[in-house]
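Okay, thanks for coming, everyone.

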Amino acid sequence: MEATELRAQIEELTDAYVECLDSNRLEEWPDFFTDRCIYKVIPYENVALGMPIPLMYGDSRGMLRDRVVAHRNANFFAPHLYRHLVGRVRIVGRDNGTISTRANYAVFRTMLDPSNYGRSELFSVGVYQDVIVFEDGKPRFKEKVVVVDTSQIPTLLVTPL
Amino acid sequence: MSGLTQSRSAQANGHPAVDPTRVPYRVFTDPELYAREQEQLFRGPTWNYLCLEAELGKPGDFRANFVGETPVFVTRDAKGQLHALVNRCAHRGAMVCREVRGNRKTMVCPYHQWSYDLNGTLRGVPFRRGINGRGGYPSDFKLAEHSLTPLRVATYRGLVFGTFSDSVPPLPEYLGPGMCEHLDTIFNRPVEVLGFSRQLIHGNWKVYAENTKDPYHGSLLHMFHATFGSYRSSQDGGMVVEGLNSKMIALKADESQEISAYTKESVDSFSKTLKLADPSLLAARSEFDRFTTTIQFIFPTLVIQQISNTLATRQMVPLGVDRFELLVTYFGYEDDDPELRAMRIKQSNLIGPAGLIALEDGYAVELVQRAVSFDNRATSYIELGGRGTENQDSLVTETAIRAFWKGYGELMGLRWGASADGSNGTARAD
């Protein structure tokens, strides 16, 4: 694939991914990943210390689906919206159809509960460290590691980043 | 009922000082009370959790933390000795230790480069004699008189505690025999720290303290297991209460047993139709004989949790009357095989700020704080499992919460409730 074509596909994947989360279509979120995958949200603090504990972790599309089912049916939390701002995606590696990328992100969270309705705050800032592969011509995340600079989570993290 | 008064001799009239079944919400909202907690609790007769000894493996290792709002840091000196020091230069008050953790031979205050040993002794100050005989410190200046303020340090099974008090009982006595027995079980061999998480919760730290002493909410607020029909504990268990400290134990379920009556009855969205697509999340190894979950509370701000194969300490760091940070330290054992280590990491999905069976706690604390802040005269109602503070063989009890308020009231010299003062609802000093 040509470099410009590849870049266009990766940018579209990134845009579609954050649009899915920001518009609360969580049921579609696992489909951005390969069946065997890594989705990991890990605080910068642990990365800096070389320690493994993540905040969220899934190593299969099934585990990501379970997160969504829990989000919809089991977990209690204040209703909220996300708005992702993702910086320019940089391709840092290309090897046998596997593409490694980096992109900074910021997520603003707007509360929809009676106490804070309409209040927005910077919820999380960090970097996406992704590994992308093509399946049937479609790009998917084989790995998405979200290194969260905002190690101190405001209240709770229930919606994926 | 809701009056809250201060008393020097709370039990002088023979009545209990506080009614632990009716706690005035003012304990969560009063800035004056919060300021007094700093003096009477955190700098008073309590042992405060500082860190795990495993975080200070080598000489020179240090770790910054807080006791209440007082900044402190813990060090391991060249001889291997642990020290805890107030993080404030003896000169003009600047914070000396400026990183969360690290390794240094000395601590140098950046403001004027006063230099301290890791035990807090002042080793040198620049321009002590001035320059060319002009300026400098008076001739009677002694380095030894300007050390950092120390805390007394004690460890139990690799947990490091500090105190400002000379009168607090020795650490094992402060913990209590039942608490020590449990720490002996959880910290039975050297641990390895696996990571940290931090959560900023907009509520009073004591709302969270209540939460960790409250087994009632376990399967009602946290619906993950009920939703997926994946219960691993029988909901049989009990509370062990030793003054302000306590532990909750959930016993293992009989394998043949399905969802217990308690759960079935109380969980409205219980559904057998939802199944985990990937149950590897719950793959676990039995590590402790009888129990699946234990939540231990050590007053004032430490919680030790064991849920399946997840092990962690949680520390409440108060940041004001209506805010605290919850700092979770995850650990395993040094001798964990790779499979068990991987289980602990995967199961960490269940706990912490994004924990599938834990994330609701931060929300619940904020729901309480928001709803009690407008009315200082209202009280809570805490009579589940009776009105006493004894051990109970049940998880449908608030006995440990009552014990907490009884002990808290005594330490703070407070009285409230009709039995204490026939209060007319106004707060006043005796």
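So, to start: how many bridges join β4(B) to strand β5 of chain B, and in which sense do the two run? There are 5 bridges, and the strands, β4(B) and β5 (residues 82-86), run antiparallel. Before I go on, keep in mind that this is a predicted model.

Within that pairing, Val72(B) sits opposite Val86(B) in β5(B). The connection is a hairpin, with 5 residues between β4(B) and β5(B), and Gly80(B) in that turn has a positive phi of about 95°.

Now look at the other partner. β4 of chain B, residues 70-76, also pairs with β3 (residues 61-67) of chain B, again in the antiparallel sense, over 6 bridges. Here Phe66(B) is the residue opposite Pro71(B) in β4(B). That's a hairpin too, with 2 residues between the strands, and its turn holds Gly68(B), with a positive phi of about 60°. As for burial, β4(B) is mostly covered, with 5 of its 7 residues buried.

Leaving out neighbours within four places in sequence, its contacts include Leu50(B), Phe66(B), Ala84(B), Val86(B), Leu151(B) and Gly162(B).

Zooming out, which residues touch the most other members of the largest nonpolar core? Val72(B) again, along with Val74(B) and Tyr208(B), in a core of 126 residues. The element that gives the most to this core is helix α10 (residues 399-412) of chain B, with 7 residues. And where does the core lie? It's between domain 1 (1-46 + 177-430) and domain 2 (48-155) of chain B, because both give residues to it. Apart from that one there's another core, of 13 residues, including Phe32(A), Phe33(A), Met63(A) and Phe141(A).

Last stop, the contact between the chains. Chain B puts in 36 residues and chain A 33. On the side of chain B that touches chain A, the elements giving two or more residues are β12 (191-201), α6 (224-228), β18 (324-333), α8 (338-347) and α9 (360-372). β12(B) gives the most there, with 9 residues. By class, that side of chain B has 19 nonpolar, 10 polar and 7 charged residues.

If you want a residue pair to click on, Gln152(A) stands opposite Arg198(B) in β12(B).

Okay, over to you for questions.

Conventions
Residues numbered from 1 in each chain as written. Chains lettered and ligands numbered in written order. Predicted model: local features only at pLDDT ≥ 70, side-chain atom pairs only at ≥ 80, totals over all residues. Core = buried A, V, L, I, M, F, W, Y, C linked by C-beta atoms within 7 Å. Buried ≥ 20, exposed ≤ 12 C-beta atoms within 10 Å, placed from the backbone. Helix = DSSP H or I, 4+ residues; strand = E, 2+ residues; numbered from the N terminus. Domains from an automatic or database assignment. Contact = placed C-beta atoms within 7 Å. Nonpolar A, V, L, I, M, F, W, Y, C, P; charged D, E, K, R; others polar. Pairing = 2+ DSSP bridges.
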